[in-house]
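Colleague: I am new to reading protein models. Could you walk me through one, feature by feature?

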Amino acid sequence: MRLIWEGLLEAIRLLFSGNAEVWEITLLSLRVSGIATGLSLLIGLPLGTGMALGRFRGRKLALSLVNTGMALPPVVVGLIVSIFLWRSGPLGDFGWIYTPTAIVVAQLIIAAPVVTGLTVAALQQVDPRLRLQLLGLGASRGQVIWALWNEARLPLLAALMAGFGSVISEVGASMMVGGNIRHQTRVLTTAIVLETGKGEFARAIALSILLLVLAFMVNLALTWIQQHSTRGER
Amino acid sequence: MKPVTPAEALFEIHDLAIHRQGQLVLSIDRLTVEEGEILAIIGPNGAGKSTLLLALARLLEPTTGQILFRGQPISHDLAYRRRIALVLQDPLLLNTSVYNNVAAGLRFRRLPRSEVQQRVQDWLGRLEIAALRDRPAPRLSGGEAQRASLARALVLQPELLLLDEPFGALDAPTRTRLIDDLHALLKSTATTTVFVTHDQDEAMLLGDRVAVLLDGRLRQIGTPEAVFSAPADAEVAAFVGVETVIAGQVTHAQEGLLTILAHGFTLEAVGDFDPGQYVLFCLRPEDVTLWVDAGTGKSSARNHLAGKIARLTPQGPLVRVIVDCGFPLVSLVTRTSARQMGLIEGQPVTATFKASAVHLIPRG
């Protein structure tokens, strides 16, 4: 019990003393996962929209691939990205291995299927006749899609949250492709693994609290947007 | 093909056929709708009514044939869709305020903000939902939502308004009021409207003309009076509610008064037929009067048939009585008279109807 108590006290001290390294790690986590989530939205929203609304050959296959992708184990993604980015690998010339960029790539591969799959689900919840109704009111195809996104904004935000949640808490791939290099690629999750391994429980607890707060705050912000957007604005 | 279009025709359908999954679901040789006209299309579920509407909205590609809009074949483009407006069966409002819903079509057309505001305000008022302008659509009642949905289409001032069973989900008083209001608005704006329903009352209340669509084919088109009192054939008759339809043969004809032999009865009717011709003899249930003490009252009814009550079915304020006269004859009486006359099943009664109430359909 003393171990936990002292760990907590030390953690609070670390958090409020403005320990530079703790904040550096936190900001890097936020930046890397934020960029990965943003990119996964850029890919997943159009892709998911096409798969939800389009009628094309191989649609069922594409859907099942995306659904499988939603459950991709991060370590497998880490392995694949490592192989591709390895100095002698196919994309080795970029020199991305053990850089934050490599972590973004790996997290993008983890988050994109989540955002895509949930976008499909979000748009399939909308009454299919609404498309006909909007076309019948003179909407262009683009306007129909915009209106449908707007209509499905709550589940779409949930898709974004799930995408962010899947990468901010992920450790395997970040460790493998980032290398957990101090001041360079150390993010919250990899740092927690390291500190726990060293028996530095106070630091591990402090970092865990930050990770939880971060996840909580991002979700709080998105929830606030959700609540705000349900009111009929003029 | 060179279209020769009378100036007032808004659209014309020529040899239209639509298949779905290899099945012919709609086949219309010719249909013309004039500017400012309200055409009610009635038919049972699955008759192809909605298909026709979607084809007119150009949201469905006809297999063959064409639709001319102001003399020009309608094209697949946005420009045509922005001249018309479609209202589907359920209100299908967007999850935002009533104002934003009604403004949606105008915003699709990128009209200036001030014009959008003014037109939306105007139509919210005309449909008596101005007080609801800021209310989120999910919190509207069925009638309010339907008004918002109609306002959303009418605010576009479409050259052609297409309505797919817009009153289906409403309770009776709400529906009656909305139909009255809509009729006034359509007439005051001279909006050409094609309106689909399976309800005859709605068709009669709104339609300048009524078209009967059965199994994907246009079976009859005419004024509501003509269609409902003089159906073109037995199936139309059955659909529009002429319930007694019996086969007979004209035995005698004199100055329009016919004697017809049907099921062993000699019946009288009015019509232009020759002796020997086979006809279908159609009667609406409300035109049949029942008597429990036959022959005591003098009436102008030419036809008196004795029979027994086979079945009594209450229908709201009315009772539907099936009299077995050797063939089933259907009569509608009020609950009050059924009670006062003490009608019970198995009771002998006399059914009477005037020769002029009979509608005759030639039988091929």
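Modeller: Let us start with two paired strands. Strand β16 (residues 303-315) of chain B is joined to β19(B) by six bridges, and the two run antiparallel. In that pairing, B:Ala306 has B:Thr350 in β19(B) as its bridge partner. Helices (H or I, at least four residues) and strands (E, at least two) are DSSP runs, numbered from the N terminus. Two strands pair if DSSP finds at least two bridges between them.

Colleague: Before we go on, what kind of model is this, and how is it numbered?

Modeller: This is a predicted model, in which local features need pLDDT of at least 70 and side-chain atom pairs count only at pLDDT 80 or more, while totals for chains, interfaces and linings use all residues. Residues are numbered from 1 along each chain as its sequence is written, and chains are lettered from A and ligands numbered from 1 in the order in which they are written.

Colleague: Back to β19: which strand is joined to β19(B) by three bridges?

Modeller: That is strand β15 (residues 289-291) of chain B, antiparallel to strand β19 (residues 348-353).

Colleague: What joins β11 and β12 of chain B?

Modeller: Five bridges join strand β11 (residues 244-254) to strand β12 (residues 257-262) of chain B, and the strands run antiparallel. One such pair is B:His252 with B:Thr259 in β12(B). The loop between β11 and β12 of chain B holds B:Glu255.

Colleague: What is phi like at B:Glu255?

Modeller: Most residues other than glycine have a negative phi, and most peptide bonds are trans. Phi of B:Glu255, however, is near 50 degrees, a positive value in a residue other than glycine. B:Glu255 is also exposed, with 6 other C-beta atoms within 10 Å. A residue is buried if 20 or more other C-beta atoms lie within 10 Å of its own, exposed if 12 or fewer, and partly exposed in between, with C-beta atoms placed from the backbone.

Colleague: Where is A:His183 found, and is A:His183 buried or exposed?

Modeller: A:His183 sits in the loop between α9 (172-178) and α10 of chain A. A:His183 counts as exposed because 9 C-beta neighbours lie inside 10 Å. Its phi is near 65 degrees, again a positive value in a residue other than glycine.

Colleague: How many helices and strands does chain A have?

Modeller: Chain A has eleven helices and zero strands. Its C-alpha trace spans about 65 × 50 × 30 Å along the principal axes, and buried residues make up 38% of its 234 residues. As one example, A:Leu194 belongs to helix α10 (residues 188-198) of chain A. With 17 C-beta neighbours inside 10 Å, A:Leu194 counts as partly exposed.

Colleague: How do I describe two helices that pack together?

Modeller: Two packed helices are described by the angle between their axes and the distance between the axes. In chain A, helix α2 (residues 20-53) and helix α5 (residues 100-124) pack at an angle of about 35 degrees, with their axes 6 Å apart. Axes are lines fitted to C-alpha atoms, for helices over the stretch in contact, and angles run from 0 to 180 degrees between N-to-C directions.

Colleague: And how do the two chains meet?

Modeller: We look for contacts: two residues are in contact if their C-beta atoms, placed from the backbone, lie within 7 Å. By that rule, 24 residues of chain B are in contact with 16 residues of chain A. On the chain B side, α3(B) gives the most, with five residues.

Colleague: Last one: how is chain B divided?

Modeller: Chain B has domain 1 (9-238) and domain 2 (242-362), with bounds from an automatic or database domain assignment. The C-alpha centres of these two domains of chain B lie 38 Å apart. Their contact takes seven residues from domain 1 and six residues from domain 2 of chain B.
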